[in-house]
Amino acid sequence: MDKYKVTHRLLRQSIKSLVNRQLTSNNPIYRFISAFPLGNGGRNPQMYRSFGSLATKVERNPSFSSLNSDDLSYFKGVLGEKNVVQDEDRLETANIDWMHKYKGFSKLLLLPRNTEEVSKILEYCNSRRLAVVPQGGNTGLVGGSVPVFDEVIINVGSMNKIIAFDKVSGILVCEAGCILENLISYLDNQGFVMPLDLGAKGSCQIGGNVSTNAGGLRFVRYGSLHGNVLGLEAVLANGDVLDMLGTLRKDNTGYDLKHLFIGSEGSLGIVTKVSILTPPKLSSVNIAFLACEDYLSCQKLLSEAKRKLGEILSAFEFLDSHAMDLVLNHLEGVRNPLSSAVHKFYLLIETTGSDESYDKEKLEAFLLHSMESGLISDGVLAQDINQASSFWRIREFFDS
């Protein structure tokens, strides 16, 4: 589908969503939820949900239809019996987020296997005015991947193929249902790294990562997905397939529509494929776990790390004493890497480079200077891969 033909419609739809968000800007606890369908001539009903003293009752929009036997027959004809799920136990899992804070009441879970099936589902739902909610690994913390009422759940987890990988450019093309950890392992075997890493990598999917513009643990080194995603394919609410799956890094040809979908949380369409730039894997990795006694020292240490560690700084992660207590009390087999003394703030610093002796010397000099200047009150360097993994396990507890 020609990107110029859909630019005006997408921009108008995006601006309308932003305006609707602004209408409730005086109440920060309101949550904007866009429900499909959004296709030709269809209205975009908004529902607002809040959790606090100003909570208001949320009602199902009567303009949406309810499922009937004809709908089920159509979906089974497109997907096959086993990919149209009505089993209560499986629906229970799909209807609730992993923190058990948000719960929907969907009666139908669809498992498309390719873009064509996603397109047929959305085209049909649009024509029938059946509300849908896209779902990936369902690891989000704000309930965006679970229904509000009885929306049809479209889970893209079966679309999990790696389509191509170019070792020269480092560009990976894959389907949206690929689990992040599987992509990390695949790239590691190829001598590359994924620019995104999360504690929830064992369950989250790249389509959901892109749709929520996930930041992750490598943000300080590689930036956001807006800079790493080269292209994507998405299906609009009326079933149209928007092919922006480019693999050219330096592409200045007109509107770059993929950025509308990165972070749009499914409100403009369902991401089905992604092309992403992956950097080469470097051989030298060093990790330090540090303690600071005040927040200002943490800020100063970050500024100093950017200046003194420069090109080898790959992660800078923060925990306070309350977060550390949660880890020690709820994560089995974990201990504080530092002394038994309680510290107010903790930092994890990682460097990645190509010269092991130079990188380690540079990190040790930085830590010594920071200790002498009083920014660090205690700290330890990981001596092997097991100790490094134990440091990361503490931080990743809050993303898992």
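Reader: Is Ala388 buried or exposed in this structure?

Author: In this predicted model, Ala388 has a relative accessible area of 11%, and because buried means under 20%, Ala388 counts as buried. Ala388 sits in helix 13, which covers residues 385–396.

Reader: Which residues does Ala388 touch, leaving aside those up to four places away in sequence?

Author: Ala388 touches Ile287 and Ala382. The C-alpha atom of Ala388 is also separated by 8.1 Å from that of Asn286, although these two residues are 102 residues apart along the chain.

Reader: How should I read a pair of aromatic rings?

Author: A pair of aromatic rings is described by two values, the distance of the centres and the angle of the planes. In the whole structure, a search finds ten aromatic pairs. One of them is formed by Phe165 and Phe192, whose arrangement is edge-to-face, with 5.1 Å centre to centre and 80° between the planes. Phe165 lies in strand 7 (residues 162–166) and Phe192 in the loop between helix 5 and helix 6, so this pair ties together parts that are 27 residues apart in sequence. Phe165 is buried, with a relative accessible area of 17%, and Phe192 is buried at 11% relative accessibility.

Reader: What arrangement do the rings of Phe289 and Phe391 have?

Author: The ring centres of Phe289 and Phe391 are 5.6 Å apart and the planes stand at 45°, so the pair is tilted. Phe289 belongs to strand 12 and Phe391 to helix 13, so the pair ties together parts that are 102 residues apart in sequence. Phe289 counts as buried at 0% relative accessibility, and Phe391 counts as buried at 1%. Elsewhere, Tyr74, Phe75 and Tyr124 form one aromatic cluster.

Reader: How many strands form the open sheet, and in what order do they stand?

Author: Strands of a sheet pair through backbone hydrogen bonds, either parallel or antiparallel. Here, five strands form an open sheet in the order 7-8-11-9-10, and the pairing is antiparallel. Strand 7 and strand 10 (241–244) stand at the edges, each with a single partner strand, so one side of each is left without a neighbour in the sheet. On average, and with direction ignored, neighbouring strands of this sheet are turned by 10° against each other.

Reader: How many bridges join strand 9 to strand 11, and which helix lies across strand 7 and strand 8?

Author: Strand 9 (residues 229–235) and strand 11 (residues 270–277) run antiparallel and are joined by six bridges, and Leu232 stands opposite Val274 in strand 11. The helix lying across strand 7 and strand 8 (171–175) is helix 5, which runs at about 30° to strand 7.

Reader: What span should helix 12 have, and how far apart are its end C-alpha atoms?

Author: At 1.5 Å a residue, the 17 residues of helix 12 (residues 356–372) should span 24 Å, and the end C-alpha atoms are 24 Å apart, which agrees.

Reader: Which residues of helix 12 are buried, and which are exposed?

Author: The buried residues of helix 12 are Asp359, Lys362, Leu363, Phe366, Leu367 and Ser370. They cover an arc of only 130° around the axis, which puts them on the same side of helix 12. On the other side of helix 12, Ser357, Glu361, Leu368 and Glu372 are exposed. The elements covering the buried residues of helix 12 include strand 12 (284–292), helix 10 (295–308), strand 14 (345–353) and strand 15 (378–381). Just after helix 12, Gly374 takes a positive phi of about 85°.

Definitions and conventions:
Residues are numbered from 1 along each chain as its sequence is written. This is a predicted model: local features need pLDDT of at least 70, side-chain atom pairs count only at pLDDT 80 or more; totals for chains, interfaces and linings use all residues. Side-chain values use heavy atoms; hydrogens and water are left out. Helices (H or I, at least four residues) and strands (E, at least two) are DSSP runs, numbered from the N terminus. The expected span of a helix is 1.5 Å times one less than its number of residues. Buried means under 20% relative accessible area, exposed over 50%, partly exposed in between (1.4 Å probe, protein chains only). The arc is that of the directions from the helix axis to the C-beta atoms. Contact means heavy atoms within 4.5 Å. Rings of Phe, Tyr and Trp (its six-membered ring) pair if their centres lie within 6.5 Å; planes under 30 degrees apart count as stacked, over 60 as edge-to-face and the rest as tilted. Two strands pair if DSSP finds at least two bridges between them. Axes are lines fitted to C-alpha atoms, for helices over the stretch in contact, and angles run from 0 to 180 degrees between N-to-C directions.
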